[in-house]
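Hello,

Here is the structure I promised to pass on to you. Have a look at it first, and my notes on what turned up follow below.

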There are 2 protein chains.
Amino acid sequence: MSFVTHLECSATGEHYAADTLHNLSRAGKPLLVRYDLEAARAAVTRDAMDARPTGLWRWRELLPVRRDENVVSLGEVETPLITIPRSSGGNVLVKDEGRLPTGSFKARGLVMAVAMAKELGVRTIAMPTNGNAGAALAAYAARVGIETIVFCPEDTPEVNVREIAAQGARVWRVNGLIDQCGAIVAEGAAAGRWFDFSTLKEPYRIEGKKTMGLELAAQLGWRLPKAIFYPTGGGTGLIGMWKGFAELEALGWIGPERPRMYAVQASGCAPIVRAFEEGVEHAERWEDAHTVAAGIRVPKAVGDFLILRAVRESGGKALGVGDPAILKAVDDCAKKDGLLLCPEGGATLAAYREALRTGEVDEDEEVVLFNCATGLKYPMPEAPWTLDRTQPIDWDRL
Amino acid sequence: MSFVTHLECSATGEHYAADTLHNLSRAGKPLLVRYDLEAARAAVTRDAMDARPTGLWRWRELLPVRRDENVVSLGEVETPLITIPRSSGGNVLVKDEGRLPTGSFKARGLVMAVAMAKELGVRTIAMPTNGNAGAALAAYAARVGIETIVFCPEDTPEVNVREIAAQGARVWRVNGLIDQCGAIVAEGAAAGRWFDFSTLKEPYRIEGKKTMGLELAAQLGWRLPKAIFYPTGGGTGLIGMWKGFAELEALGWIGPERPRMYAVQASGCAPIVRAFEEGVEHAERWEDAHTVAAGIRVPKAVGDFLILRAVRESGGKALGVGDPAILKAVDDCAKKDGLLLCPEGGATLAAYREALRTGEVDEDEEVVLFNCATGLKYPMPEAPWTLDRTQPIDWDRL
């Protein structure tokens, strides 16, 4: 069912064998999975794909898992596209990734990475996380019986830390940011204690994340929107979608048109924005990172050059937005359109509204924003109103 | 597109006009929506239904909304069926309703009720809630611009109260249980302040909820499971599914076989279980109701006789489970199968495991449990582990 041929260094193009464990390439860069797309094209048609049940595993020919018994699932549904006319002021669809298992898009990457870990015989996994990735890892690893240890910054949302533990992983709060958690994981991996599951340090999360792009094309009747606004931390999803679009074109299922890709970051942690504006290929580590959107508080991304390359090739931009604009976008979308975004999703709406204001996008252009997690995981303002039913009710006050 | 003919009193059979506002019948009982199923049968085939995009609005011919412009949607996806072999010990599928908008099955009922409120010109809605229904109402009402006031017991989960407010409704904590909140809503409705949206007091929530049954039949290839375990508070979903199965049979899409329906309640609030065991048609109010599963803490259900009728006709039972068994089921399912249930979903798993033990169900029988909301909305145990990265790491402790 799978058409994987080999893995390839994203920087040098050097080939690596499939069906064996890898982290980064010898050049220290992410590995990309390559497929025999000619053979895949002969094996499955677009109509056949349309006839399958929706959901992540429909894309089996473009995914790396070889054996059925290694497919793991908690119900990776096709996430819906939701209009938000009143809060966006434009022709916007929100792809609501909060509907996935464990409530975030991290499920896409982790379901694939865990399935491959099972296929390749991994017994113990460790990973740094800002929260949602750890939750997704814990859930899938629990399901297949792989031992898991997760490290997260000490101010990771409490709900994330607890759900990771509830799903059977060991979870440690660390006095540092995610790259410092990643250093602990790397040290333990070097000592042979576990396999390192950090973003882009194993090759398969990106294959799961690319299904966002495949799914979007199928949902829109095998075309793509004019622009995509994507909340960008490690950037796996943006890199993955860009890769997925190329694979769809190679299959002959879409044409050469591409959306403008907008990588959205918080002003308080915007290394990709700075690198984009400076015209450089790699991003420097961002010092003193801070933002309410913890999921995109990633000071240094190992795939920085892949993010920047996709954004530039697409004619898009990297955009930074402030926390007040993020919180205002979340509030407006919930109150006006009934959709509770996560802060990272709110960042994409804030960036879209700013782009509309500056003329970077037109209100009639079809644009897709990614809401990467359910808004329910995040703090909401207090609602302090109480009513004593044993006293006469002041009806006009209700 | 709709084939509604009239509404009918669930107790007396008396007819009421469609396309006008109603609460309970003159007999004080819920109204059921009736359709011209012969005409619907001529209008749509089972194959045509299979070819439509999945999701709640695919069932349009069996739903009450007449005009397209009144359809409201936040992406009501077909909820997945997930195996939980290790924690259930049997042939169990969990229908994970936590994937719906606002994270619970309440979205099914409220999307329909709000669409009909829009169609019938309602300007202001009030409702009592244990939490999730209020959140769903707030979201859909915000989207269509209907003013909303919600009353909830003072110990309603904080996340629910806040999400209701975040989505633009006015929400009041009341020192009482849900039926006492309902009394305030009834009093205000009688004074003409708002329309009463209480469970089964308006006729359309049940039409939305019945899609759980329609969807289940379609997902299983137009057959039904041997048994359904359903967490039962107001019981709208159980009543709705039972009604939906009859409609599917009238269309010729399924046969006369039905699942045994198990109404699951918490031992600390089990009025339906008591009435079932006593062989009576109506349930007395349960005094001093208490359980961790707040969603099924309903001391008195207006549709009690409809729940009991469906359970008895199906050859099922009403079952009570204690809080420790509920919490143990939630914990086991998360740790062994990677699926975080809500407490009410945990109650169905606890009841299933007890039914397996007593021989009420066989481990090979296909059984569907309803997880009515995402487990993320509920308290989880603390995870207190911290690691100081500035000190030497004790690796064996991780």
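**Where the two chains meet, and more**

Arg173(A) has Thr386(B) as its bridge partner in strand S14 of chain B. Before going on, please keep in mind that this is a predicted model, in which local features need pLDDT of at least 70 and side-chain atom pairs count only at pLDDT 80 or more, while totals for chains, interfaces and linings use all residues. Residues are numbered from 1 along each chain as its sequence is written, chains are lettered from A and ligands numbered from 1 in the order in which they are written, and side-chain values use heavy atoms, with hydrogens and water left out.

Strand S8 of chain A (residues 170–174) runs parallel to S14(B) (residues 386–387), and 2 bridges join them. Two strands pair if DSSP finds at least two bridges between them; helices (H or I, at least four residues) and strands (E, at least two) are DSSP runs, numbered from the N terminus. S8(A) also pairs with strand S7 of chain A (residues 147–153), in the parallel sense and over 5 bridges. Here Val174(A) is the bridge partner of Pro153(A). With helix H6 of chain A (residues 158–166), S7(A) and S8(A) form a right-handed β-α-β unit, where right-handed means that, with the strands pointing away from the viewer, the path from the first strand over the helix to the second runs clockwise. S8(A) is largely enclosed by the rest of the structure, because 4 of its 5 residues are buried (under 20% relative accessible area, with exposed over 50% and partly exposed in between; 1.4 Å probe, protein chains only).

How are the chains related? Chain A superposes on chain B by a rotation of 180 degrees with 0.0 Å of shift along the axis, RMSD 0.0 Å (least squares on the C-alpha atoms of residues with pLDDT of at least 70 in both). That is the relation of a two-fold axis. Arg99(A) comes closest to the rotation axis of the residues of chain A, at 2.4 Å (C-alpha).

Pro324(B) sits in helix H13 (residues 323–337). Its relative accessibility is 64%, so Pro324(B) counts as exposed. Between the C-alpha atoms of Pro324(B) and Val292(B), which are 32 residues apart along the chain, the separation is 9.2 Å.
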